[in-house]
Amino acid sequence: MWIDRWAPHAPTLVFGLLLLCLAGPATAREIVDATGTQVDVPEQPQRVLALGERDLGAALALEVTPVGRLDGRGMSGAPRYLGPAAEQIPSLGQFLQPAMGRVIEAGPDLILAGGFTDARLIAQLRRIAPTVVTSTHDDDWKQSLERVAAALGRPDRLHRFMQRYQDRVAALRAELGDRAGETVSIVRWNPRGPMTMQRDAFASQVLADVGLSRPPSQQQPGSAHTRPLSLEAMRRLNADWLYVGLLDAAPEAALAEARRSAAFRTLPVVENGHAFGVDGALWTSRGGPLAALAILDTLQRTILGS
Amino acid sequence: MRHRPRADTSIPGALVLLAAFVGLVFMVSLTVGGGDYGLRASLAYLTGRAPPDTAADIARIVTTLRLPRATAGLLVGGALGLAGWLLQTATRNPLAEPGILGINAGAATAVVLGISLFGLNSGAGYLSAAFLGAASACALVLLLAHLGGTVTPLRLILAGAAIGASLYGVTAVMLTTHQLAFDEYRFWIQGALVGASPSMMASVLPGLIGALAGGVMLARPLSALTLGDRAARALGHRPAWIRLAVVGVVALASASAVALAGPIAFIGLLAPHVARWLIGRRPIAEVSASILAGAGLVLLADIIARRILAPYEAPVSAVVALLGAPAMIAIVRGRRSRPCSTTGSGF
């Protein structure tokens, strides 16, 4: 029961709320978050908690360093691709499970809770500090980034980042030339049944920006991953290019693991040397702005480098 | 079918038919899969008439995917059928089985703890951990059911449910706090035959053979025990030792099944009922029938699991539960009209 988990923190909570009341709202802006809730956020938030999966990367991309984060999906730390800057930010709990005591102790003036769906949890967060749900399950990463920028009051940084992204996309698209239009298979490896990312998944959207697409066998609607595929139907993993990741393993380990399967090894795309191990947190999760840039890097290195 | 005199040495016709049925299902499971090669292509390959361009592909699928999977189904189903029969006979409880009594959960939890805390990664390691877990859960459930005097069938089932639920809680915690092989492991904990590798089966096989031999040897003494301890003693059996041996064999059989395919419920429940329905009152033939019925049921469920969401996999345990839950209700309702069997327990 949440009440049991909370009880030990009750004094801190009361004290924290008191402090908040005393401090009173500094100059505030009013925004509407992804759940349609109006939230009064500080003009220039100083102590930001990035609890949602995309919020940490988004805040860093907008040049705001949060004072607290959660662990990544299926990980015991921040996503590797965000580097040491993210790892140094103290963790306040596991993926989607903030420890309320630590949230209160962090003394936030703004909480970003993108992707949170537990209404009770969101209500608890709102009692600690203004809480903005920056994304719902159906949002793409650009919408999420815009909401984070609105919450942080950083439209200029948003503009700068998107400019940088669009420039990279345009350059890569030009370099790809007639290779744009080739198909890319995205696999979340599992030796008992690999999964592919669905048509509208994060990585698919980045691919679409540069003109690459998913093969006909990987056009399932949705933004998550498919069920485990029968090992007999492995041919559905074939495409012009293939990226295979594991959430909790290094890129090389993911490819090595997949190559242990004879059916995977004999896929034409693998035999052609067009299969690459990637960071599952980048390719097979919900992504974010820095993940999008990292995917462009990988495409550049693999498709143009080979 | 010809009517035979009931001499205990003859092999009942029903048992032969059941064995033939399991053989048939085994063959069918070599011809059905979630990919592009269905019955016709597979039969063409098996009879040597496959077109040369696909022959290599089908050969690889039949020998490296379907054959190990069907073999695993045979082993897992047989082990669960054995464990179920021993438990039902020993406790005189028609609902007793390794799934419902929390024994599979014990084995699964021990494997999970072994993987996440001690880095287990061999078949023998899985089996040892699973055996320890299954034996502890089995002992704990029987102990719990005995607390407070008479063991009623209901008390036994409730003790099993409680142990099972607590242990699944432990595995759930391990699942969220340890990220080891997260996806693969989630698959296994649901119960699935895919991924039971030949090397894994080889390391589980000795234990399984031991369990089968032990089970068949225990069949007759166990039946004597259903007459009561005094009658069994008069026949030259030692009740305490028989019960201990039953716990050991049940734990070994359940542990082998869990190590190979994760926890699969209901097979241990259904197989003995099928066996009693087909054979009845002939211990060795009955336990053999239960082993065969378990194997046939798992193979059948796995064929459905391959096809129902093709080209995606469905967990075989979900299919089994779909078939098993109504059967369990039927068993409970059927028993209510026969009150004699709801008294007392052999344990």
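A:F276 is buried, at a relative accessible area of 18%; buried denotes under 20% relative accessible area, exposed over 50% and partly exposed the range in between, computed with a 1.4 Å probe on protein chains only. The structure is a predicted model, in which local features need pLDDT of at least 70 and side-chain atom pairs count only at pLDDT 80 or more, while totals for chains, interfaces and linings use all residues. Residues are numbered from 1 along each chain as its sequence is written, chains are lettered from A and ligands numbered from 1 in the order in which they are written, and side-chain values use heavy atoms, with hydrogens and water left out.

Aromatic contacts were searched over the whole structure. The search finds 6 aromatic pairs over all chains. Rings of Phe, Tyr and Trp (the six-membered ring of Trp) pair if their centres lie within 6.5 Å; planes under 30 degrees apart count as stacked, over 60 as edge-to-face and the rest as tilted. One of the pairs joins A:W141 and A:Y165 in an edge-to-face arrangement, with 4.9 Å centre to centre and 80° between the planes. This pair links distant parts of the chain, 24 residues apart: A:W141 lies in helix α7 (residues 141-152) of chain A and A:Y165 in helix α8 (residues 155-176) of chain A. Helices (H or I, at least four residues) and strands (E, at least two) are DSSP runs, numbered from the N terminus. A:W141 is buried at 1% relative accessible area. A:Y165 is buried at 0%.

A:W241 and A:F276 form a stacked pair, 6.4 Å centre to centre and with 15° between the planes. Here too the pair links distant parts of the chain: A:W241 in strand β11 and A:F276 in strand β12 (residues 275-279) of chain A are 35 residues apart. A:W241 is buried at 1% relative accessibility. A:W241, A:Y243, A:F276 and A:W283 make up one aromatic cluster.

Strand β11 (residues 241-246) of chain A also runs parallel to β9(A), joined by 5 bridges. Two strands pair if DSSP finds at least two bridges between them. A:V187 has A:V244 as its bridge partner in β11(A). In β9 (residues 184-188) of chain A, 5 of 5 residues are buried. A:V184, A:I186 and A:R188 point one way, and A:S185 and A:V187 the other. In a regular strand, side chains alternate between the two faces of the sheet.

β9(A) also pairs with strand β10 (residues 195-196) of chain A, antiparallel over 2 bridges. A:R188 stands opposite A:M195 in β10(A). The two strands form a hairpin with 6 residues between them, and A:G193 in the turn has a positive phi of about 160°.
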